Structures are given as structure tokens and as C-alpha cells.
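Trainee: I would like to learn how to read a protein structure step by step. Could we go through one together, taking the general idea before the particular case?

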Amino acid sequence: MADVHLGFRQYGSEERMLDFATAFMKAMKFAVEQKVDFVIISGDLFHKKSEMDPVTLTQATKVLEMAKENGIPVIAVEGNHDATFFRDGFSWMDYLSRNQLIINLKPRFDDGVVVEEWDGEKGAFIDLDGVRIYGMKYYGNVTERILEDYVRKLRRKNFTIFTAHVGVEGYINMYGCISATKLHRLKNKVDYIALGHVHRSFVEDDFIFNPGSLESCDATEYGYNRGIFLVEYNEDDKELKYELINHFYKPRNFVFLNYKMKELGISAFEEFLRTQNVDEKAVIHINVELVGLRRGHIDEVRMEEAVKRILNPLVVRMRFEGGDRVFQPVGLDSRESIEKHVLSQILESFDYGEIADQVFRLKSLLLLGKSVTDIDTLISEILEFESVTLVKEGMDKEMPRPHEGAEQKTVQRMDEKDKEVEESEEEVWDWRRAYALGSKARKR
Ligand SMILES: [Mn+2]
């Protein structure tokens, strides 16, 4: 598995944070049920590299302890969200490693890449029951150079796995990707490449395996094919069987609605909402296109309240576009409106969208001496809102997706393994209870 992103309070929602933890817990529970020999987490176990909070650490610890109690070693590498790449400090992954909860594989640097065997605390590879596993953490734009050096030092032993947090170009347009060719060259030394970083699933040549994230870290990721790979290798006939599993957890529902608004009153909008067949507690993004209306006349608060009342979402994000823009000359207006006007003119030359109001609000908050947390929340909200906007605009020029669905046509499947994991109530960890004040962490 990869890209667990524990601790991600998406949209500032506690509930979303629990989603990420629950997905991780259920993935590990599946591994326990399947009695696997080991689990690999190919980076981004955590969402934030620096600030750890007790709740996130509890979530990680509980799940990893479950693996440990069942005698399942967890091999991991650090992703871009887990550690800064060259500041070789002590990461939270190292912390888990020192507490015998994971085996955090990474090379050492001493005039080049040093690839040493795991000594119980550190190392770049480990031998487990005749399987050799090499690990490489995320190195951003120097990945190619480090990989080249690393590969020269690889020694195949029986079945050899290479796990790394690195994206493959072409699947998604993001930083920290290398061309697939570079990885295919490892074929003479490695049998299986386990990747993380790209949040959607893909398989190349029954050789490169990327499971994708467990949840949607961004609205753009909703609907991606993703899951965990259940892999079985038979030493006698050298046969590799694998399957992408995703029935162990149902990701949060995201809904995207478009509404053309032609009148100021919200009754038509309410009517529109009532005709939507939307599951409760979904993340709802609504794009409102204003037709012959002025943005400033819209009662956004009332509209949002209507969405909450009628569709009962977990989170609602509304975006307004179009509308008659009336440009007014800067006159003898209030200081506030002059400032806003100037701000929006400055911001026009960037791709941030219409955030002049937010920037202005931010300035007021700072002047009021608001806490850094409040300001952080506001900025997060602005950024998340904008990223959705960018997605919408980029929809028709999507990146090519080579080998899509490759995992569906390859080798034979494992049967019996894909049956629904039974939801026995007492087995499901109740996260709220785990760290509720005054209550002991225990199973429900
Ligand atoms: Mn990630």
C-alpha cells in the first residue's frame, strides 16, 4: 500500500481525518486476515512531515501494533510528506522504526549512496524469509541521480523487491516523477517494484506496481482506481499473482454539482438541490454560474445553509463564476474598497483566481492579532477552494494515461481473496473512543 496520509484534516474536517485513519486500519486488517508475510508502505504514511499531533500518532501506532501482534513486519519508506529529503534529521518514520513498529528503509550518504543491510534501527535493505527488500525514500528532483547510484549497488537475492516513493511520468502531472524507462532498467536486478506517490493505481509489465492512495487527498482524485495490492509469489514455478483490492474500505463520497443561477432568490436553488440524489455526509462541490446577476448581490451564506439543510453534506464548497462584473473607477470611496480594488488588480496578473476578498480578510485578521491557527485555517480554505477551481478548468486537457487498466488484463487472478471483508462490529476500531478524553483506548 502507499499514500495513507494519516493526519490529513481535509477541509479542516475531523471526520475526514478519521476517514484516512479508518482506511489505513481496514487495509491492515485485511492484511492480517489474509495472513500475509509482510506489508510494504511505499511512502506518505503521514500527511504532514513536521507537525505531529497525538491523535495522528495514536492512529499510526494502533494500526501498526495490530500488524505487530499478528507477526506481520511492516516495511516502509519515507515519502515527500513524511520527511524533508536531505535534512537527515530524525523523522517520525524513524521514531516508529525505533519503536519496532516499522522497518524504515533508506540508504545512507557518504560520498555516494551507501546501501547497507537493516541492523535493527537503520539500513537500506532487509531479507525476510528469502525475500530481499530494498527501500528508497523520496528525493524530489534528484531522484534520478540517486536511483542510478543506488541501482549499481543492488544485489539480487531470491525474490527481490525495490520500494520507493517516486512518481512515474505520464500518469499525473506532478513534481517528483521520473520516466518509466529508468525503472524498467532495474529488471535484471529486481523482480518487483513497489511504488507510492501517484495517488491512482497502475501496473506496468507485471513489474512496476503503484497501488494509489487509500482516500482522495484532493477533490481531483475522487474516482481514481486505487487500493492495495495483494501479492503472492510462488518460488517453485516462479509465478507472481496479484490483485488490486479495494473492497476493504469505501472511500468518502464526493459530489460535483453545477448550477446556473438566474434569479436572486434562492427558492429555485433549493428546488435544484431537492432534485439531487446525493448520499448524506458527502463532500459537495457546487459550481454556481451566475447569469445576469452580480456577484455582490448573491447571498452566499443563505445558499450554503440551504445546501446543508437539504443535502446534509459533510463538507460543502461553493464556487461562483461569471456574473456581470461592473468595474468602478477608484473614487472617493472608503479606504476598504480602495484597498480591495487595488488588491484585485494586482492579483489579476496571477493565477490565483478571485481571492482579493480573502487576502483582504487575511490582512484584517493579522491586524486584529488573530492566532496563527485561524490564519492557517483561512489560507488552507482558500487553497483548497482554488485547487478545485483549477481542476475544473483543466478537465479537457488532461494528461495522457498510458497503460490505464493494465492491472486488469494481466496474469491470473487470486480467487477467494476478493470476497467482501466481513464487518464484525467489535473488530472495527472506534477512533473517537480511542482518544476521547477520560476514556481508555479500547476496542468497541
Ligand atoms: Mn502522497
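Trainee: How many helices and strands does the protein chain have?

Mentor: Bear in mind from the start that this is a predicted model. The protein chain has twelve helices and 18 strands, and of its 444 residues, 50% count as buried. Among contacts between residues at least 6 apart in sequence, 69% join residues at least 24 apart.

Trainee: In what order do the three strands of the open sheet stand, and is their pairing parallel or antiparallel?

Mentor: In general, the strands of a sheet pair through backbone hydrogen bonds, in either a parallel or an antiparallel way. Here the order is S16-S17-S18, and the pairing is parallel. Strand S16 (254–261) and S18 stand at the edges with a single partner strand each, so one side of each has no neighbour in the sheet. Neighbouring strands of this sheet are turned against each other by 20° on average, if direction is ignored.

Trainee: How many bridges join S17 and S18, and through which helix does the chain cross from one to the other?

Mentor: Strand S17 (residues 283–290) pairs with S18 over eight bridges, in the parallel sense, and Val-283 has Val-315 in S18 as its bridge partner. The chain passes from S17 through helix H7 (residues 300–311) to S18, making a β-α-β crossover that is right-handed.

Trainee: Why is strand S18 described as largely enclosed by the rest of the structure?

Mentor: Six of the eight residues of S18 (residues 315–322) are buried, and therefore the strand is largely enclosed by the rest of the structure. Helix H6 (residues 267–274) lies across S16, S17 and S18, and runs at about 145° to S16.

Trainee: At what angle do helices H1 and H2 pack, and how far apart are their axes?

Mentor: Two packed helices are described by the angle between their axes and by the distance between those axes. Helix H1 (residues 14–33) and helix H2 (residues 54–69) pack at about 10°, with their axes 9 Å apart, and H1 and H2 are therefore roughly parallel to each other.

Trainee: Which residues meet where H1 packs against H2?

Mentor: Met-17, Leu-18, Phe-24 and Val-32 are among those on the H1 side, while the H2 side includes Val-55, Gln-59, Leu-64 and Ala-67.

Technical notes:
Residues are numbered from 1 along each chain as its sequence is written. This is a predicted model: local features need pLDDT of at least 70, side-chain atom pairs count only at pLDDT 80 or more; totals for chains, interfaces and linings use all residues. Side-chain values use heavy atoms; hydrogens and water are left out. Buried means under 20% relative accessible area, exposed over 50%, partly exposed in between (1.4 Å probe, protein chains only). Helices (H or I, at least four residues) and strands (E, at least two) are DSSP runs, numbered from the N terminus. Two strands pair if DSSP finds at least two bridges between them. A crossover is right-handed if, with the strands pointing away from the viewer, the path from the first strand over the helix to the second runs clockwise. Axes are lines fitted to C-alpha atoms, for helices over the stretch in contact, and angles run from 0 to 180 degrees between N-to-C directions. Angles under 35 degrees count as roughly parallel, over 145 as roughly antiparallel, 65 to 115 as roughly perpendicular and the rest as oblique. Contact means heavy atoms within 4.5 Å.
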